[in-house]
Protein chains: 2
Amino acid sequence: MLPTHHRRIVLASRPVGEPVESDFEMEEVPVPEPGPGQVLVRGLYLSLDPYMRGRMRDDASYAPPVEIGGVMTGGAVGQIVASLASEFSVGDIVEGRLGWQEFAVGTAASLRRVDRELAPISTANGILGMPGMTAYCGLFEIGNPKVGETVVVSAASGAVGQVVGQLAKRAGCHVVGIAGGARKCSFVIDELGFDACIDYKMDASPFEQALARACPNGIDVYFDNVGGVVSDAVILQLNVWARIVLCGAISQYNSDEPEMAPRLPAFFVGQRVIMRGFIVSDFAAKFDHVRKIMGALVRDGNLKYREDIVDGLENAPRAFIGLLRGENFGKLQVRVSSEDD
Amino acid sequence: MLPTHHRRIVLASRPVGEPVESDFEMEEVPVPEPGPGQVLVRGLYLSLDPYMRGRMRDDASYAPPVEIGGVMTGGAVGQIVASLASEFSVGDIVEGRLGWQEFAVGTAASLRRVDRELAPISTANGILGMPGMTAYCGLFEIGNPKVGETVVVSAASGAVGQVVGQLAKRAGCHVVGIAGGARKCSFVIDELGFDACIDYKMDASPFEQALARACPNGIDVYFDNVGGVVSDAVILQLNVWARIVLCGAISQYNSDEPEMAPRLPAFFVGQRVIMRGFIVSDFAAKFDHVRKIMGALVRDGNLKYREDIVDGLENAPRAFIGLLRGENFGKLQVRVSSEDD
């Protein structure tokens with residue numbers, strides 16, 4: 001028996017600076033009814049990702065903001081519990097933009113079937129989902145790494161960074177991560193197999209020196225998830241012909257005024273730096289191809305991943321606030337309900 | 001009869017901030033003798049270019065600095081006055097890195113023959129030389145302009161900018177220049193045929209508004225010769241998928257400490273901006289091809305150019321200092337001597 005009501009989290013107010021829990025509000029509303037061609041999906045794993053901070057902002061952006069009172073947007077893995085669509089049966093596992101809620105309606109166009117034989121279904125939010133596609137497409141379509149080059153990845157233990165570094169190692173590169181704290185750095189080296197990982201929480205000057213020691217041949221590709229002063233230091237060690245893959249800038253997402261940074265145009269000219277921003281959907285036409293490659297690598301144990309799973313939709317706001325502080329360790333998700341529920 | 005001695009300008013001291021005339025020193029030294037395979041060239045037109053400020057600095061760069069006491073480097077057009085090389089005869093006009101001096105020795109490898117039938121020989125320092133190659137290769141190899149797009153060029157009346165804008169017009173773009181002062185702006189519109197030209201010497205806020213009015217469909221390609229606050233304003237009006245061609249940053253060349261600028265990583269990501277720095281020699285393999293195209297356009301009157309020619313080697317330092325202040329109007333050159341001398 002399906003419940004008549006379900007819980008969802010809406011945006012109560014637009015955060016100023018760091019979000020607080022009262023910027024979110026839990027509501028209980030009737031479970032929606034699927035119409036013809038639609039399915040009803042029960043949310044199992046909700047993905048929490050840094051880009052969501054941008055959706056809480058009322059700015060022009062590449063995607064519209066969440067309205068005040070609107071359900072927080074987000075990708076999730078769920079299970080079909082009622083189907084009026086020929087493409088899906090009850091019990092199927094799917095992935096789509098279900099939002100921060102227990103139930104959602106969808107269509108064949110808005111949902112993607114998840115192969116539960118390949119890997120745990122939560123990976124459809126992680127290494128085999130948006131973060132994995134981001135890592136693969138950003139690294140290979142923009143970073144263009146070549147054998148023997150040095151690749152530096154910030155937020156190296158995060159959902160995207162952990163994949164970027166492992167792929168760059170397989171591509172024959174010297175790979176150096178940047179992460180916050182000794183525990184994450186050890187994981188990145190010992191579990192993921194990066195050549196080195198620098199703790200950015202050290203003082204600035206030792207950080208630069210540690211980075212230089214870890215990159216004796218300079219830096220050819222910088223896959224940037226964090227921006228800010230960490231990136232300033234990396235950029236000054238870029239080689240001629242270097243590429244900056246501008247994926248995200250989590251250090252800046254809670255600030256309402258742009259920070260100031262040193263201008264380095266002559267450096268960018270002299271080093272012929274290419275810097276390019278991207279959104280993962282720019283490469284949507286390649287996802288099926290990439291997911292096959294990544295799926296095989298994961299299935300055969302050639303790509304590792306770490307997930308950080310928090311229980312209960314009610315804990316999503318707190319977990320999301322922690323994500324922006326770097327408190328998560330691996331791909332952050334919320335277990336909304338279990339398949340057995 | 002050749003003189004026994006000639007004049008040359010050496011670097012007397014490294015400038016701090018804006019160069020002053022005493023940073024340069026005029027010397028009189030014996031005219032060098034060409035050895036086997038060499039020629040002696042009399043300098044006719046010395047090219048003065050913003051990049052030379054970088055050579056006065058003792059920094060790591062894409063090119064080595066001029067030593068204290070060393071002859072200032074620079075491209076020039078000259079005439080062969082003695083030849084021990086089978087490739088050249090006395091009287092031939094050539095272009096090469098002759099430096100700030102009246103005579104220089106060269107070889108077939110270091111000199112390029114100039115076709116005096118095509119256009120006045122001084123154009124080998126300008127529209128048919130390094131600045132013209134910079135404009136063509138930067139615009140088409142990096143800017144990738146498409147019919148109907150909007151191209152903005154800073155330093156629009158300068159040696160590179162004037163060519164970029166005319167080429168972009170021929171490529172079917174809406175072209176907006178940025179220049180300093182009403183006289184340059186009128187020239188850019190009335191003589192070169194840009195659609196608009198904004199005077200950056202206006203107050204900041206009207207500048208942004210004037211730029212927005214001149215670019216009603218936003219900006220797709222920004223060919224940047226100046227950097228600094230002008231570029232900050234342009235960048236905020238870039239469309240999604242925009243390209244920044246980072247050619248130079250003359251506003252920064254006299255400062256020893258980097259200026260601070262607002263960080264805009266989320267903007268760069270959301271707009272998928274590609275920013276790429278380059279040095280004209282990156283595209284050296286294409287120069288013969290490009291020079292044929294540009295030569296035909298100039299010969300047929302389809303590309304205009306303006307040169308700013310100063311008489312006498314002794315005036316090179318003052319003219320160069322003025323170049324960094326934007327006081328020149330068109331491609332700056334020094335007439336070192338006449339063909340008849």
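This is a predicted model: local features need pLDDT of at least 70, side-chain atom pairs count only at pLDDT 80 or more; totals for chains, interfaces and linings use all residues.
For bookkeeping, residues are numbered from 1 along each chain as its sequence is written, while chains are lettered from A and ligands numbered from 1 in the order in which they are written.

Back to those domains in chain A. Across the boundary, 16 residues of domain 1 of chain A are in contact with 15 residues of domain 2 of chain A, contact being C-beta atoms, placed from the backbone, within 7 Å. The domain 1 side of chain A splits into six nonpolar, six polar and four charged residues. In that scheme Ala, Val, Leu, Ile, Met, Phe, Trp, Tyr, Cys and Pro are nonpolar, Asp, Glu, Lys and Arg are charged, and the others, Gly among them, are polar.

Now, the pair of chains. Chain A goes onto chain B with an RMSD of 0.0 Å, using a turn of 180 degrees and a shift of 0.0 Å along the axis; that's least squares on the C-alpha atoms of residues with pLDDT of at least 70 in both. The two copies are thus related as by a two-fold rotation axis.

What does each chain bring to the contact? It takes 30 residues from chain A and 30 residues from chain B. On the chain A side, β13 (260-262), α7 (265-270) and β14 (274-277) each supply at least two residues, and α7(A) gives the most, with five. By class, that side of chain A has 17 nonpolar, eight polar and five charged residues. And 100% of the interface residues of chain A are also interface residues in chain B, so the copies meet through the same surface.

A word on labels: helices (H or I, at least four residues) and strands (E, at least two) are DSSP runs, numbered from the N terminus. Strands pair if DSSP finds at least two bridges between them.

Here's the bit I like. There is an open sheet of twelve strands, with mixed pairing, in the order β10(A)-β9(A)-β8(A)-β11(A)-β12(A)-β14(A)-β14(B)-β12(B)-β11(B)-β8(B)-β9(B)-β10(B). β10 (196-199) of chain A and β10 (196-199) of chain B stand at the edges, each with a single partner strand, so one side of each has no neighbour in the sheet. Where the chains join, β14(A) and β14(B) run antiparallel with three bridges, and R276(A) has I274(B) as its bridge partner. Further along in chain B, β8 (residues 150-154) and β9 (residues 174-179) pair in the parallel sense over five bridges, with V153(B) opposite G177(B).

α2 (residues 130-143) and α8 (residues 287-299) of chain B pack at about 100 degrees, axes 10 Å apart. Residues of α2(B) in this contact include M133(B) and Y136(B), and those of α8(B) include F287(B) and M294(B).

Notes:
Two residues are in contact if their C-beta atoms, placed from the backbone, lie within 7 Å. Axes are lines fitted to C-alpha atoms, for helices over the stretch in contact, and angles run from 0 to 180 degrees between N-to-C directions.
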